[in-house]
Structures are given as C-alpha cells and as structure tokens.
Amino acid sequence: MNTIIIEDDFIKNCSCQKNIEINETLKNELFSVNTIEIHFKENGKLCIKGNQKETKLKIIYSVDPNVKAEIIDMRKLSGVKIAEEYHLKEKSELHIIKFYEGFDLKKQDTIYMEEKGAKIFYVLKSLASGKQRYNTMIYHRNIDTSCEIYHHGVSREKGCISFDVTNIIEKGMKNTYVEQQNRIITSNMKLCKINPNLIVDEQDVIANHSAHLGDVDNNELFYLMTRGINKEDARNLLIRGFLLDKIKEEDISEIKDFISFDWR
Amino acid sequence: MHKLEIKDLCVDIDEKQILKNFNLTLKEGEIHAIMGPNGTGKSTLSKVIMGDSEYTIKSGDILYDDESIMSLPTDERARKGIFLGMQMPIELEGVTNADLLKTALHDKDDFKLMSFIKELNKHVEDLSMDKEMIHRSVNLGFSGGERKKNEILQMYMLKPNIIILDEIDSGLDVDSLRIVGENVMNYYKERKPAILVITHYQRLLNYIKPDFVHILYDGSIIKSGDASLGLEIEENGYDPLKEVE
Ligand SMILES: Nc1ncnc2c1ncn2[C@@H]1O[C@H](COP(=O)(O)OP(=O)(O)OP(=O)(O)O)[C@@H](O)[C@H]1O
Ligand SMILES: [Mg+2]
C-alpha cells in the first residue's frame, strides 16, 4: 500500500506510486509551518501513520475529477496543532478514516466540495487522554455534493473532547446530501462538548444530523453482564464496538496494529 | 443440587410497588411456568433475580444454594449459573455474537478456541439460524424470532443451571416455536437445570412441559398448580382467579 510516515512535522518516509503525488514545503519566511500536499491523480489508497509531538503541521489534500481516493490516517499525538484542507473536484470521491490516539490536540479541518458531484465519507475516531478540539467545516460549493461525516470520540481518564462540525450549504447548491453524526463516550460529561451545525440556504437538500454525549448505555451493560461478563470487560466491548463502527474489515487489522487499546 | 430461592421479595420502581411478598423456589430438574396479565411484574422479577440496579429491593432475599446473592453484581450471578433469556434482547452495535461469547467464556479454565467454534456452529445449526449471525452485531437488525433464538444459543454456550426465559415464545412463528421448544428440552435432558418460563400462552408449554404453573397477579403469586393450570388459563383467562383472590 502507498504509505507516508509522519514524524512530528515532516515526512520521515514515503513510499507512493505515481497515482498519488506528495509534496512537502518546509517552513520559510512566508509559511510558518511545514506543509504537506497530497494529490490524488488517479484512484488509489493511501495509509498515513504519524507520531507527532509538540508541533504544528498543515496538510492539503486534493482529489482530481472522477478519482476515487481512499485514506486511512492513524496518528499518535501529543501537544499538536494540525490544519487540514480538502479540495474535491468534479465527481471525485474521498473515503477517509482517521484514527487518533493521544493527548492535547487542536485540529482544524476545512473541506471544500468544490465541483459538482463530489462525495466524501469521513470518519474520525478519537481516543483522547488529553484535551482535544476538533473544528470541522464543510463547504458545499457546487450542486450534487454528498458528505457523510462521523466524529466519534472516547475520552479516557482525564481526556476531554470537543467536536465543532459545521456543514454550510450555500444558495443554489441543489441536491446536496449531508449526514452528520457526532458521538462521544465519556464518564465525565462536563469535560466534553458537541457543537453540531447545519447552515442551509437552499431548499433542495437532504441534511440529517445526530449528536450523543454520554457514557455507555446501562441497558447494554446489563445485558452483557447477564452473560457473565464483568463490568470492565463489558464496557470495553461496547467501546471497541463503537470505535470500529463504520470501519471496513480490511482496515480493522491495520488499526489494531497501530493503536493501543485493549482490543482482545 | 443447585437451587434458587426467592423469599418475601418486595420490589419498587420509582416509588411504585411492583412485587409484593413474592416467594418461589426453583430446584435443579424442575420446570416452572409463570403466567399472568401484562404489567404484573414478571419481567421485573426476572431482572431483579439478575441484579438489575434499576429496581429497588425493599425487603426479602434471593438465595442461590442457600447463600444470599443480593449483594452480588449481575455478572457474578450469571457466572454462578443463572441465565436470563430476555423478553426484549437489546441491540449491541459493533459487538458481535462471537465477541460476546468469547469474552464471556475465555476465562473458563477449559476454554479452547477450536472446540468453542465447533460447538457454536453445532448449536447455530440445531437452532436453524443463519451461520452469518455469529459474526453480526448482537441482535442488530435481527427479527423478533431471530433474537429469541439468539438468546437460546447463548444459553447453550454458557451452560447455566438456573434458567429464566422471559417470553421466549413471543415473536416466534410455529416452526421456530417448535425448534426453540425442542432445543430447550434437549438442554434440559442433557443437564437437568431448573427452568422458569414466563409466558402468556399455553402453546409453549406443549413443548416445555412444566411441573408447576404459577399465576402472578398484581405482584404476587395468587395460585399455583400443575400443568393443567395453564390449560385452565387458556380456557377461561385470569378473571375467575381474581374473584378467588
Ligand atoms: N424501568 C421501568 N421504569 C418504570 N416502570 C417500570 C419499569 N420496569 C417496569 N415498570 C413497570 O412495572 C410494571 C411491571 O412491569 P413488567 O415489565 O415486570 O411486567 P410484565 O408482567 O413482564 O408484563 P408483560 O406481560 O407485558 O411483559 C409495569 O407497570 C411497568 O410499567
Ligand atoms: Mg414482561
């Protein structure tokens, strides 16, 4: 598989075929952070593995017309600020799974559905032991675009997570489809926040969103415990199910290898 | 010989009294049936036996082999060998049947993955279930009948000695009812557990033949008898019994 290994704010290793173009611009007088550009020129799948500490980084993704791109992005993070931009051209499709584990993080994602028929399936899973803020904006700037976007977080001991997710559908952007789901499992509700937004200035759209913040469900715990599973294992089973929801079988083993969680 | 005793149990939910001085003893090898109108506390009883924390126990005791289990958490009660097949088995997104059973059984000393898989496959076949169900999320998108069969599958794998089946017949078509009934009886012949079936219909009792039938009304047992009591209820309903009370 095409793979990029990111260490702090630079590419440590890159093995990609020519369907995916990778460019790295190191910080200079004009740009204060290193920038990585990832350009899908043909169909392909890319795996990103990152280990980032106390750093800042910008990544710009673009997907050419009619190209189907797939990304699995797994990172261990601590004290990191990341800004990412996505540019989707006509009838392009991006399927992206992000699995982040770690401590403090500030993440700003801006997704531009630039041309008609662009499609994105975006899943973020976060296992947070620190303070993590995710701010995601999706601009629907043409007709027939589709965005399925899931933010799923689990806050560990002192973890706190906040999700701000905004879909913006401007006037005239007919036949736009949005499915936005935000969920956080936490035993301390006060530390977590979900702020979902849909800004819609067009009639001809389908836009759904749901948000849930809370601990694992007591009825689900009870059911598992009646099968002789202790509370801790039952909780772990439910969280594992939550973390692997929406992820394809083929990606699950990659994730299990990279992310430290009691997968069993 | 294993035994479950429920003594003078009074249970409330939200200040409302549901069970009132409820008494029942289940011994290994015995089959009991509880019948009773909707909302009289049958499911409440089954969940209280398992230690559901939603209910408040006002007084009384539950003993397993002469020892109180009231302070034990649900999972420990289950590991002693008490099993509850639920009226409404819940959906667990992302947790497969295989995950659930492996987690439930892997601590047992004699757990071996190969024989686990073999056994699981055999019971899936016996219950005429789709093999795929093992790898699907528990009860997610299962039909009513499939959920009930799945409860019996878990019962088989966990090998309990006290079995409570809460309306295991609801949602089953005639063939599934026969399959579930026969499977429960096969388990009974093999391991001689105590069984408590909660049902509204005599038809289940044609397969799972009870030694005792109890009528639960308004939180306590108002009449007990043998299998003929089930037939009587089917014929006349609960009204004649209310008058006796
Ligand atoms: N979690 C709960 N919260 C509030 N009320 C409850 C709860 N569980 C049960 N009850 C109430 O307790 C009473 C007994 O309910 P239960 O489910 O035990 O009845 P049941 O005999 O099993 O009825 P059915 O035959 O319809 O299954 C009902 O009035 C019900 O509404
Ligand atoms: Mg009931």
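A polar contact here is a pair of N or O atoms within 3.5 Å; within protein, one must be able to donate a hydrogen and the other to accept it, and residues adjacent in sequence count only if both atoms are side-chain atoms. This is a predicted model, where local features need pLDDT of at least 70, side-chain atom pairs count only at pLDDT 80 or more, and totals for chains, interfaces and linings use all residues. Residues are numbered from 1 along each chain as its sequence is written, chains are lettered from A and ligands numbered from 1 in the order in which they are written, and side-chain values use heavy atoms, with hydrogens and water left out.

**Exercise 1. Work out how the rings of A:Tyr86 and A:Tyr122 are arranged.**

Step 1: Rings of Phe, Tyr and Trp (its six-membered ring) pair if their centres lie within 6.5 Å; planes under 30 degrees apart are stacked, over 60 edge-to-face, and the rest tilted. Over all chains there are 10 such aromatic pairs.

Step 2: Apply it. The centres of A:Tyr86 and A:Tyr122 are 6.3 Å apart with planes at 70°, so this pair is edge-to-face.

Step 3: A:Tyr86 belongs to β6 (residues 68–88) and A:Tyr122 to β9 (residues 119–128) of chain A, so the pair ties together parts 36 residues apart in sequence. Both A:Tyr86 and A:Tyr122 are buried, and together with A:Tyr61 they form one aromatic cluster.

**Exercise 2. List the protein donors of the magnesium ion (ligand 2).**

Step 1: Donors are N, O and S atoms within 2.8 Å of the metal (3.2 Å for Na, K and Ca); water is not among the atoms, so sites may look incomplete.

Step 2: B:Ser43 lies in helix α1 (residues 42–50) and B:Gln87 in the loop between β6 (82–85) and β7 (92–96) of chain B, so the pair ties together parts 44 residues apart in sequence.

Step 3: B:Gln87 counts as partly exposed, given its 24% relative accessibility.

**Exercise 3. Which element gives the largest share of the shell around ligand 1?**

Step 1: Pick out side-chain contacts. B:Lys42 has a side-chain N or O atom 2.8 Å from an oxygen atom of ligand 1, while B:Glu167 has a polar side-chain atom 3.3 Å from an oxygen atom of ligand 1.

Step 2: Compare the elements. β2 (16–27) and α1 of chain B each give two or more residues to this shell, and the largest share, 3 residues, is from α1(B).

Step 3: Look at that helix. In α1(B), 7 of 9 residues are buried, among them B:Lys42 and B:Thr44. Next comes B:Gly51, with a positive phi near 85°.

Terms used. Helix = DSSP H or I, 4+ residues; strand = E, 2+ residues; numbered from the N terminus. Buried < 20%, exposed > 50% of the residue type's maximum accessible area, 1.4 Å probe, protein only.
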